[in-house]
Amino acid sequence: MQFIDLKAQQRRIRQKLEQRILGVLDHGAYILGDEVQELETKLAEFSGAKYCVTCANGTDALSLALTALGIGEGDAVFVPSFTFAATAEVVPETLATPIFVDVDPRSYNLRLDSLVRCIEYAGSIGLRPRAVIPVDLFGLPADYPQIEEIAKLYDLHVVADSAQGFGASISAKRSGCFGDVTTTSFFPAKPLGCYGDGGALFTDDEELKDKLESLRFHGKGAEKYDNVRIGRNSRLDTIQAAVLLEKLEIYDSEIAAREAIAAQYTALLSDHFQTPSIPRNYRSVFAQYTLQTESSDKRTHCMKALSDAKIPSVVYYPKPLHQQTAYREFPRDPEGLQNSEAVSGRVFSIPMHPYLTQDDIERIAKVLTVSADKFNNHV
Ligand SMILES: *Cc1c(COP(=O)(O)O)cnc(C)c1O
C-alpha cells in the first residue's frame, strides 16, 4: 500500500499527460512557453484570485512574496512553529526575524491569542511587526477571517502559505483569495502536484503581480535585458505547466474523493482517536489525514501495528520549528508554545490520496482500532 499513490492518478490520465508533454517537445519553448500562461489563467480562474504568477517551487513563492512586500531588516514576521521548515526559512533570508506563534491543538493552525501576544512582544524587543504567514496545515485553511482582522488592526501583511491547501475554502472563498498574497507548492506529494518542483502565487493586487513577475525573472523591467530591481531565477518549467494543466482538469473530482475518504476514516476512527475537525463552512483538501492520540506511547504502539500490517504512516511533524537547531535562537510567544510541543509528540498521518480503495480504508481502520483497544487495555 502507498502513502500517496501517484501511479493510480497517472493511470487515469496517462494518455493526456503524454500528449501535453509531447506538445512541449514539439514546440520547444521550455521556459515560459504558452502552457505556463495558460496554466496561470486557469489557476487564477480555479482559485477566484485575479492574478496567478507561477514560480520554481513553494519555498520560492513565499520568499518572492516577502521580497515583493518589502520585508527586510528590523521587521518581525509571525509564523506558526508547527509547520514545515520552509514557512520560517524564507524569513531570515530577507534579514527579517521570524517570531514563532503557537497553534490550536485541534485545527493545528495558528492561534489568535498567541499571534496577538507575539505582535505585542515584537515591539518590546525593538522589531517592527510587518507580516504574518498563516499555514493551511494538512489542507485546512487557517482562520483567515479573524487573522485578517488582527492584521488590519496592527497593519500587517498576510502571506497565506497554502502549499498544502490549494483548492480548500472558507465559505465561497477558495485558497488563493486569502491575505494580500497566497502561495502554493506543486511538489509531487502536495494535493495538486507536478512531476518535479513547482509553485505559484495568487493576488488581486496588480502592482504586486507585476513585481512578482519581475522578481522571478532577474528583476526584469519592460524587457528581458532591462533590470529594474534585484531579482532571481524562479520560473515554472513549461513541461511542469503541461503536466499541471492535465492534473487541474481532474482536481475538483479528486478533492471530492479526498473528502469522501476523510469522512469514512472519521466515521470509523473517531471513537478511538482525535480525528481532524473541520470548522463549519470550511473545506479541507486533506493534504494529510492526521490522527492524534492521548500519549506518545499510544502513537508509537499504533504506528507499529500499522507497520506490522505493511501500512505506511508518517509523523508530520516530530519537532516544532522553535526547537530545531537552526531556529531555536529566534524569538517566540513569551508564554511558550505548549500546543506545538504537545501535538508533535502525539500526531501521525495515515495513507490519504483520492485512489484509496474501500478495502484499504477498512483494513487501515481495523488495524488502528484493534491496536488502540489493545493499548488501552494494557494501561
Ligand atoms: C511543501 C511546503 C512548502 C514548500 O514547498 P516546496 O515546493 O517544497 O518548496 C512550504 N510550506 C509548507 C507548509 C509546505 O508543506
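Analyst: Helices are DSSP runs of H or I with at least four residues, and strands are runs of E with at least two, both numbered from the N terminus. The model is predicted, so local features need pLDDT of at least 70, side-chain atom pairs count only at pLDDT 80 or more, and totals for chains, interfaces and linings use all residues. Residues are numbered from 1 along each chain as its sequence is written, and side-chain values use heavy atoms, without hydrogens and water.

User: Where does Ser 214 lie, and why is Ser 214 called buried or exposed?

Analyst: Ser 214 lies in helix α7. Buried means under 20% relative accessible area, exposed over 50%, and partly exposed in between (1.4 Å probe, protein chains only). The relative accessible area of Ser 214 is 4%, and Ser 214 is therefore buried.

User: Why are α3 and α7 called oblique?

Analyst: Axes are lines fitted to C-alpha atoms, for helices over the stretch in contact, and angles run from 0 to 180 degrees between N-to-C directions. Angles under 35 degrees count as roughly parallel, over 145 as roughly antiparallel, 65 to 115 as roughly perpendicular, and the rest as oblique. The axes of α3 (residues 58–68) and α7 (residues 206–215) come within 10 Å and cross at roughly 120°; α3 and α7 are therefore oblique to each other.

User: What makes β6 and β10 a pair?

Analyst: Two strands pair if DSSP finds at least two bridges between them. Two bridges join β6 (residues 169–170) to β10, and these strands run antiparallel. Ser 169 stands opposite Arg 283 in β10.
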